[in-house]
Amino acid sequence: MSRIDYSVWDHIEVSDDEDDTHPNIDTPSLFRWRHQARVERMEDFQKKGEEFNKSLIDCRRKLAETQKKLQQLSVASSDDAKAELNKVQAEEKKLKKEERDLAKKLEEHRREEKKMPWNVDTLSRDGFSKSVVNVKPEAGEETEEDKEQKHKTFVEKYEKQIKHFGMLRRWDDSQKYLSDNPYLVCEETANYLVIMCIDLEVEEKHALMEQVAHQTIVMQFILELAKSLKVDPRGCFRQFFAKIKTADQPYQDAFNDELESFKERVRGRAKIRIEKAMKELEEEERQKRLGPGGLDPVEVYETLPPEMQKCFDEKDIQMLQDVISKMDPTEAKHHMKRCIDSGLWVSNAKGEEDGKDEEPTYEEVKQEQEETKDD
C-alpha cells in the first residue's frame with residue numbers, strides 16, 4: 001500500500017493568515033501590506049521570466065536568419081561575398097553564445113520558480129491548470145556532425161527521387177510529384193540540389209545545371225513561404241504553386257532574379273572547385289616528378305642558365321661539358337647538384353657500362369670533360 005507524501009505542505013508561505021502581531025498594530029492593514037508586497041514580488045518574478053523567454057525567441061529568430069544568410073554566402077565567389085561571409089560567421093558565433101546564455105538563465109529561472117513557497121494565491125488555483133513562464137524546451141542544437149549525418153542518411157534513402165524532381169520542368173508536374181512524395185519538401189532536398197547544380201556545372205553540363213537550378217529555387221521559395229507562415233513546408237507547397245502560376249509581375253520577377261543570382265553563384269563556386277582540382281592535380285604531378293633529392297626537374301630546368309637548358313634540350317653531353325668548363329666552378333657545382341637532385345642528370349654512359357648505381361657528381365662530369373679533352 002503506497003503512502004502519501006505530505007512533506008510538500010511543509011513549504012508553504014502563509015503570512016497572510018498569521019495572527020501573532022502586536023496589539024498596537026493594525027493587523028488587517030499589515031496583512032494587506034504583506035500580501036501586496038508578495039504579489040508585487042511574484043509579478044516582478046513572472047515579468048523577468050517573460051523577458052528571458054522573449055529574448056530567447058528573438059535570439060533564435062536572428063540566429064536562423066544569420067544561418068540562412070551564411071548558407072547563401074557559402075556558394076558566392078566574389079571578394080565582397082567572402083568578406084561578408086567572415087562577418088556573418090562572427091555574428092553566428094555571437095548569437096549562438098547569446099542563445100546558450102539566455103537558455104541557461106531561463107532554466108535557472110524555472111528552477112527558482114519550483115523552489116518558491118506556496119501561498120494563499122497559488123494554493124487557490126485549479127489543480128489541473130498552471131501558469132508556466134518558460135516555453136517548451138526546444139531540442140538541443142544540432143552539431144555539424146549531426147547535420148552532416150542527417151543529410152547523408154536522407155540522400156542515401158531518397159537520392160533517386162530528389163534527382164527526378166530536379167529534372168522536372170512544368171509547375172504542375174513538380175506539384176504532383178511533391179504531392180506523391182511530400183517528404184522531399186525539406187532543407188536536405190534543397191541542399192542536395194545545390195550540390196547537384198555545382199557538380200553539373202563542373203562537368204560543363206550547363207543547360208542541365210540551369211534546369212536543376214530552377215527546381216532548387218522552387219524548393220527554397222517553398223521553404224521560405226513555410227517559414228513566413230510558421231507552418232510545416234509539407235503543408236504549404238501547394239500554396240506556392242497556386243501563387244506562382246497566377247503570380248503578379250513583381251513576384252515572378254523576384255523568383256527570376258533569385259534564380260539568375262543563384263546560377264551566377266553556382267558558376268562561381270564551380271570555377272573555384274575546378275581551380276582547386278587543377279592545383280591538386282598539378283601538385284600530384286609535381287610530386288611524381290620529384291627527383292632523388294626531392295627537387296622538381298621542371299622548376300630546376302627553369303632556373304638553369306640558358307646555355308645549360310640548351311644542352312638538356314638537345315641531350316648533348318659534350319655541349320654540357322663545354323658549358324661547365326666555362327662556368328665558375330662554384331656556380332657549375334651548384335647547378336649540377338640541383339640537376340642530380342631533381343633527376344635531370346641521372347647517369348652517364350660510362351657509369352652505365354661500369355654498372356654504377358650512383359648518381360654522377362659535378363666532379364665526375366668535370367673529370368669526363370677533361371678525359372674528352374685528352375683524347
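Which helix does Glu-144 lie in? Glu-144 sits in helix α4, which covers residues 144–167; helices here are DSSP runs (H or I, at least four residues), numbered from the N terminus. Before going on, keep in mind that this is a predicted model, where local features need pLDDT of at least 70, side-chain atom pairs count only at pLDDT 80 or more, and totals for chains, interfaces and linings use all residues. Residues are numbered from 1 along each chain as its sequence is written, and side-chain values use heavy atoms, with hydrogens and water left out.

Back to Glu-144: its relative accessibility is 52%, so Glu-144 counts as exposed (exposed is over 50% relative accessible area, buried under 20%, partly exposed in between, using a 1.4 Å probe and protein chains only). Together with Glu-145, Asp-146 and Glu-148, Glu-144 forms a negative surface patch. Such a patch takes residues with over 30% relative accessible area and no salt bridge, joining like charges within 9 Å; a salt bridge puts a Lys or Arg side-chain nitrogen within 4 Å of an Asp or Glu carboxyl oxygen.

Now for two loops. Glu-204 lies between α6 (187–202) and α7 (206–229), and Lys-230 lies between α7 and α8 (237–245). Most residues other than glycine have a negative phi. Yet phi is near 65° for Glu-204 and near 60° for Lys-230. Glu-204 is exposed at 60% relative accessibility, as is Lys-230 at 77%.

What about the cysteines? The structure holds zero disulfides, a disulfide being a pair of cysteine sulfur atoms within 2.5 Å. For Cys-311, the nearest cysteine sulfur belongs to Cys-339, 9.9 Å away. Cys-311 is buried at 3% relative accessibility, and Cys-186 is buried at 13%.

Methods: Patch = residues over 30% accessible without salt bridge, like charges linked within 9 Å, V, L, I, M, F, W, Y side chains within 5 Å. Areas by Shrake-Rupley, 256 points an atom, 1.4 Å probe, with all protein chains shown as cover. Lys, Arg positive; Asp, Glu negative; His and termini not counted. Charge placed at Lys NZ, Arg CZ, Asp CG, Glu CD.
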